[in-house]
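Please read the briefing below alongside the sequence and the model, which are shown first. The points that follow are grouped by topic.

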Amino acid sequence: RDLNRLEEAEQEIRLAEEMQKACGTPLGQYRIYYVRVHYALAAKQAEQVLAYCDSLEALDLNAGGDVSAYRGEAYMLMGNSDEAAKTFRNLYYQKDSVFNREMRIQLDELNTLYKVDELKMQGQLDRSRFFVGMAIVLVVALLLTMYLRHITAAKLRREHELLKTANALAEESSKMKTNFIQQISHEIRTPLSV
């Protein structure tokens, strides 16, 4: 049953190769080699896997897939565990360094975003401080105005009281003057009339 599927896969690959010859793109050729690697692994043809891996590396498109992993699997099929271990170790170090580089890039991007967010927050904080400062200045100005009005009103009340007292004294003085003049006038008229 698996043999029938492998034969079907071989026919499909040949059909894809004919279509690739018609359009002739490097990416299409890369994909055909890639499928050939999978086919050779399924058919347990280690030498073919290595040959197709060489072809994939020669195209140098890096269009997905891990050629080194397939090469390591081919060495495993051949029973060459030392070479397979070496290949997988190199693949691990390569992926680890790529992962570390990508993590550094992502961390740099996060730091940049964090700094942008920090600057936005600082701007918002500065605006908030400005508005709070303006509100405090307005409240102080309002309180000062109210205090000055209160002092002015108290001063006006005192002046009003003083004016009232001065008025009362002036009226009393005027009455006393009038009484004095009337009295003097009466005293002067009385002897004259006698």
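Lys 44 lies in the loop between α2 and α3, where helices (H or I, at least four residues) are DSSP runs numbered from the N terminus. Its phi is near 60°, a positive value in a residue other than glycine, and Lys 44 is exposed, with a relative accessible area of 62%; here exposed means over 50% relative accessible area, buried under 20%, and partly exposed in between, with a 1.4 Å probe and protein chains only. The model is a predicted one, in which local features need pLDDT of at least 70 and side-chain atom pairs count only at pLDDT 80 or more, while totals for chains, interfaces and linings use all residues. Residues are numbered from 1 along each chain as its sequence is written, and side-chain values use heavy atoms, with hydrogens and water left out.

**Packing of α2 and α3**

- Two packed helices are described by the angle between their axes and the distance between the axes.
- Helix α2 (residues 26–42) packs with α3 at an angle of about 160°, their axes being 9 Å apart; axes are lines fitted to C-alpha atoms, for helices over the stretch in contact, and angles run from 0 to 180 degrees between N-to-C directions.
- That angle makes α2 roughly antiparallel to α3, since angles over 145 degrees count as roughly antiparallel, under 35 as roughly parallel, 65 to 115 as roughly perpendicular and the rest as oblique.
- The crossing of α2 and α3 is left-handed, a term used if the near helix is turned anticlockwise from the far one by less than a right angle, with clockwise giving right-handed.
- On the α2 side the contact (heavy atoms within 4.5 Å) is made by Pro 26, Gln 29, Tyr 30, Tyr 33, Tyr 34, Arg 36, Val 37, Ala 40 and Leu 41, and on the α3 side by Gln 48, Val 49, Tyr 52, Cys 53, Ser 55, Leu 56 and Leu 59.
- By class, this contact of α2 with α3 has 12 nonpolar, 3 polar and 1 charged residues, where Ala, Val, Leu, Ile, Met, Phe, Trp, Tyr, Cys and Pro count as nonpolar, Asp, Glu, Lys and Arg as charged, and the others, Gly among them, as polar.

**Packing of α3 and α4**

- Helix α3 (residues 46–59) and helix α4 (residues 67–78) pack at an angle of about 160°, with 8 Å between their axes, and α3 is therefore roughly antiparallel to α4.
- The crossing of α3 and α4 is left-handed.
- From α3 the contact draws on Ala 46, Glu 47, Val 49, Leu 50, Cys 53, Asp 54, Leu 56 and Glu 57, and from α4 on Val 67, Tyr 70, Arg 71, Ala 74, Tyr 75, Leu 77 and Met 78.
- The residues of the contact of α3 with α4 comprise 11 nonpolar, no polar and 4 charged.

**Packing of α2 and α4**

- The axes of α2 and α4 are 11 Å apart and meet at an angle of about 25°, so the two helices are roughly parallel to each other.
- In this pair, too, α2 passes α4 in a left-handed crossing.
- Tyr 34, Val 37, His 38 and Leu 41 of α2 meet Tyr 70, Glu 73, Ala 74 and Leu 77 of α4, a contact that divides into 6 nonpolar, 1 polar and 1 charged residues.

- Leaving aside neighbours within four places in sequence, Tyr 70 is in contact with Tyr 34, Val 37, His 38, Leu 41, Val 49 and Cys 53.

- Arg 36, in helix α2, counts as buried at 7% relative accessibility, and beyond its neighbours within four places in sequence Arg 36 is in contact with Glu 10, Ile 13, Arg 14, Glu 17 and Tyr 52.
- Arg 71, in helix α4, counts as buried at 13% relative accessibility, and with the neighbours within four places in sequence left aside, Arg 71 is in contact with Leu 50, Cys 53, Asp 54, Glu 57 and Thr 87.
- Tyr 30, in helix α2, counts as buried at 2% relative accessibility.
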